Structure formats: structure tokens, C-alpha cells
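Thanks for asking me to look this one over.

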Amino acid sequence: MNPEIRHTHITAKHRWFDLKFRELLQYRDLIVMFVKKDFSLKYKQTILGPAWIFLNPFFTTVIYTVVFGNIANIGTDGVPKLLFYMAGNALWSFFSQSITSTANVFQSNAHIFGKVYFPRLTKPIANVISAGINFLVQLIMLFFFWIYYVLRGNVHPNWWSMLGLPLVLLVLGVMALGCGIIVSSLTTRYRDLAIVVNFGVSLWMYATPVVYPLSTVGGGWMRTVLMCNPVTQMMEVFRYMLLGQGQVSFLGILWSVVFTVLVFLGGVLLFNKVERTFMDTV
């Protein structure tokens with residue numbers, strides 16, 4: 001009796017909007033491998049190795065404290081300056097690293113994509129996870145300073161709201177993933193975007209209350225612009241949780257969530273369209 005014969009049909013035709021969740025789950029080991037590879041390549045042949053995960057944000061925080069806190073004398077709503085800037089820098093680093101590492105995924109991995117098949121979204125997802133791991137490591141450093149100021153009574157966290165921290169990271173991670181894959185899809189034809197993205201992310205930071213609290217911005221058009229920024233409310237919510245200070249708005253949170261959903265769906269749509277022909281243009 002002949003054994004059952006199975007056929008696998010591989011085709012380039014698929015729907016534009018196709019998340020392939022089941023296939024992504026089947027390739028979860030590949031995502032883990034990409035994450036490990038990112039860390040090994042990033043800190044290979046460095047003297048201090050992974051210690052840079054701590055040192056880089058710490059020195060950045062010190063610079064922010066001196067420049068914006070002492071020289072510019074920008075208020076921090078009564079929060080200790082070092083802790084204020086460390087918290088903002090940690091969350092923003094997660095978001096910006098997720099975007100910049102995803103924004104060139106097609107160009108930097110063309111040599112792999114052109115040789116073997118696997119769900120292309122595994123690489124952008126691995127980049128966001130890598131950024132998330134860096135954030136968690138920075139959060140450990142932040143935790144020690146946070147405990148010190150909490151015990152001294154300088155900081156009064158909103159304990160119950162801290163349960164929502166994973167949701168803040170999820171919203172920012174998905175938002176960065178959507179923005180990153182949109183830019184990555186467009187850079188297959190327009191190489192200039194790969195150069196502009198780092199500059200654009202830097203400008204985005206100053207349009208986000210990272211080095212200043214939202215309370216320092218009065219009314220008028222400037223506040224309107226900041227509130228249209230979907231990252232603004234996530235930053236304020238993060239500080240409200242950990243530091244007890246922040247202007248939280250339900251409409252602002254809703255806008256951040258809606259923007260995240262729209263940019264992610266639009267990113268997947270464009271990503272799936274470009275995926276079929278990007279080897280001809282990269």
C-alpha cells in the first residue's frame with residue numbers, strides 16, 4: 001500500500017494583508033536566533049561588551065541632566081532630575097531603536113531574503129524584541145535609582161497603574177514596528193529615506209516630552225502639535241506610573257492606540273506588497 005504523498009505548493013501570490021500568525025509561530029525559533037545574533041554582532045569585539053547597555057543611557061542621562069536640567073533649567077514637575085531624564089531616555093531609546101533597526105531591514109538582509117524562504121516579518125519582530133530586552137536591562141538600572149528616591153520620599157509612584165506598563169511597551173513596540181516596516185518598504189525604491197530616518201527620529205524626540213514635561217508647554221498650537229504626537233501620551237503615562245507625575249488623557253491614550261493600529265495595518269499591507277518584488281529593486 002502506497003504511503004500518503006503530500007505536496008507543498010510554494011507561490012509568490014498571496015493577499016496583501018496577510019499577517020501569517022500561524023507561520024510566525026512556527027518560526028519562533030528563528031526569531032530567537034535573530035535576537036541572539038543581533039546581540040552577538042552588536043557587542044562583538046568590544047572591550048566592555050553588553051555593559052554598554054548600561055553605560056550608554058547612563059551617560060546620556062547625565063548629559064541631559066546637565067544641559068536641560070541645570071543649564072537650561074527646565075522644570076521636571078518636582079521629580080529628581082536624574083530620575084526624570086533616565087526614565088524618559090529609557091522609554092524613548094526603546095522606541096527609537098525599534099524604528100531605526102527596522103527601517104533598513106530589507107536592505108541589510110537582502111543577502112538572506114534572496115536565498116531562503118522564511119516569513120519576512122520575523123526579522124522586524126526580532127529587532128523590536130532586541131530593543132525591548134535593552135529597555136528591560138535599562139529598567140533594572142532605573143529601578144535602583146527609583147528605589148532610592150522612593151525611600152527618601154522624593155517620588156510617589158502610582159502603584160496600581162504600574163500594572164499597565166506592559167501595555168505601554170506593547171503600544172510603543174507595535175507602533176515602532178509599523179513605522180519601521182513602512183520606511184523599510186519605501187527604502188527599497190527610495191534610498192534617501194534610509195538617510196533621513198535617523199534625522200527624523202531625532203526631530204521626533206524633541207516633539208515628544210522626553211527632556212521636558214508636558215506641563216511646561218502652555219496652550220496654543222505648540223501643545224496641539226505635541227498632543228497629535230502619538231508617543232506623547234505614552235511617555236506621560238509611563239512617568240505617571242513610575243514617578244507619580246504626568247498629564248494623562250483618555251483621549252490621548254485612545255489616539256495613541258488608534259494610530260498604532262492604523263500604522264501597523266498599513267505597514268503590513270505595504271510590507272506584503274513590496275516583499276514580492278523587493279529583490280528586483282534592492
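Predicted model: local features only at pLDDT ≥ 70, side-chain atom pairs only at ≥ 80, totals over all residues.

1. Residues are numbered from 1 along each chain as its sequence is written, and side-chain values use heavy atoms, with hydrogens and water left out.

2. The overall fold: the protein chain has 12 helices and zero strands; here helices (H or I, at least four residues) and strands (E, at least two) are DSSP runs, numbered from the N terminus. Of the 282 residues in the protein chain, 45% are buried, where buried means under 20% relative accessible area, exposed over 50% and partly exposed in between (1.4 Å probe, protein chains only). Contact means heavy atoms within 4.5 Å; among contacts between residues at least 6 apart in sequence, 79% join residues at least 24 apart.

3. The largest core: a nonpolar core is a set of buried Ala, Val, Leu, Ile, Met, Phe, Trp, Tyr and Cys residues joined through side-chain atoms within 4.5 Å. The largest has 50 residues, of which Trp92, Phe95, Leu172, Met175, Phe238 and Leu243 touch the most other members. Two or more residues each come from α3 (52–71), α4, α7 (122–152), α8 (165–187), α9 (192–206) and α11 (230–243), and α4 gives the most, 11 residues. Apart from this core lies another, of 19 residues, including Ile112 and Phe271.

4. Met175 in detail: leaving aside neighbours within four places in sequence, Met175 is in contact with Phe95, Pro230, Val231, Ser256, Phe259, Thr260 and Val263.

5. A helix pair to inspect: Phe135, Leu139, Leu142 and Trp146 in α7 meet Phe238, Leu242 and Leu243 in α11. The axes of these two helices (lines fitted to C-alpha atoms over the stretch in contact, with angles from 0 to 180 degrees between N-to-C directions) come within 13 Å and cross at roughly 40 degrees. That makes α7 oblique to α11, since angles under 35 degrees count as roughly parallel, over 145 as roughly antiparallel, 65 to 115 as roughly perpendicular and the rest as oblique.

6. A loop residue: where does Asn104 sit? Asn104 is in the loop between α4 (81–102) and α5 (105–108), and is partly exposed, with a relative accessible area of 31%. The C-alpha atoms of Asn104 and Ile195 are separated by 9.9 Å, although these residues are 91 apart along the chain.
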